Amino acid sequence: GMRGSKHHILDGPVGCGKSFALAVIVQWARAQGWLVFYVPRGQEWTRGGYYYLNELTGLWDTPIQAQKVLREFLDSHGEMLEQIKCRVPDPIFLGETAALGRIPGPQEITMPENSTVKDLVEKGLDVQAAASNIVVRLRQELDLVTEFPVLIAVDEFNSWFTFSEYHQFLDFKKTRQIHAKELGMVSAFRRMETSRQLFVGAFSQSTAVGKLPLELPGAPKRFRIDVARADKEEIHAAIRYYHKQNLLHNEPQEDAINRLFFLTNGNGAELRKLVRYI
């Protein structure tokens, strides 16, 4: 269970259903009226798009990813965000825009008094140069929310503890790989232990991430929840669910279900592949 502790990592063998378990937790929490900040693909925060060193923060900004994150959060929870007051008054540093680089003029913005978190998110969608640091600010704001229970859920969480796919150009002979913790957004959100809210991270073994440190900084070992392989009952339930969702034509028969259970050894990913053939 999740009582008592606020910080959890879903871990276990490849294909054992960690992503599925996390998605179910997210769905459950949203159905109960929680505010959920859900990152289904943590690795997307560490590659692609446009990145640059923000001299004001000393971290690397990723404004295109930031705007995607803000857009998804607004789409999922716009009405709730309207009811949450901004509580952090400090100005937000600007960075660059992907097209124009640094915009001349003041290098920070301040949210007007009585702003809501929805206003904050919309500001990041309007002002690309602010987007990365608005995601960072959002992390601070989420910790102060009292209007709703809050869940932060991050899949592929392990990709935030290894090197990103970005490189820093040092001189014409040398580049340096940038670690995920040097990215502003990742740095703000991966600090699990400082979260006042419920925080669940899921490891992905399918993403090719580098070697992880044994102890993740800020993720105490005893909070790992091993997601076991599914037992027969769970496999039955999953197959019935697939049938109900019209992913299967025929009502699955008992012996076919048993056969699938033994073939997949309770591995959720393999089950999804094989289930079409019964």
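Tutor: Helices α2 and α4 cross in a left-handed way (the near helix is turned anticlockwise from the far one by less than a right angle; clockwise would be right-handed). This is a predicted model, in which local features need pLDDT of at least 70, side-chain atom pairs count only at pLDDT 80 or more, and totals for chains, interfaces and linings use all residues. Residues are numbered from 1 along each chain as its sequence is written, and side-chain values use heavy atoms, leaving out hydrogens and water.

On the α2 side, the contact (heavy atoms within 4.5 Å) involves P63, I64, A66, Q67, V69, L70 and F73, and α4 supplies Q128, A131, S132, I134, V135, L138 and L142. Sorted by class, that contact holds 11 nonpolar, 3 polar and no charged residues (Ala, Val, Leu, Ile, Met, Phe, Trp, Tyr, Cys and Pro are nonpolar; Asp, Glu, Lys and Arg are charged; the others, Gly among them, are polar).

Now look at the other partner of α4. Helix α3, residues 117–126, has its axis within 7 Å of that of α4, residues 128–144, and the two cross at roughly 155°. The angle therefore makes α3 roughly antiparallel to α4 (over 145 degrees; under 35 is roughly parallel, 65 to 115 roughly perpendicular and the rest oblique). This crossing, of α3 and α4, is left-handed. Here V117, L120, V121, K123, G124 and D126 of α3 meet Q128, A131, I134, R137, L138 and E141 of α4. The classes in the α3 contact with α4 are 6 nonpolar, 2 polar and 4 charged.

Notes:
Axes are lines fitted to C-alpha atoms, for helices over the stretch in contact, and angles run from 0 to 180 degrees between N-to-C directions. Helices (H or I, at least four residues) and strands (E, at least two) are DSSP runs, numbered from the N terminus.
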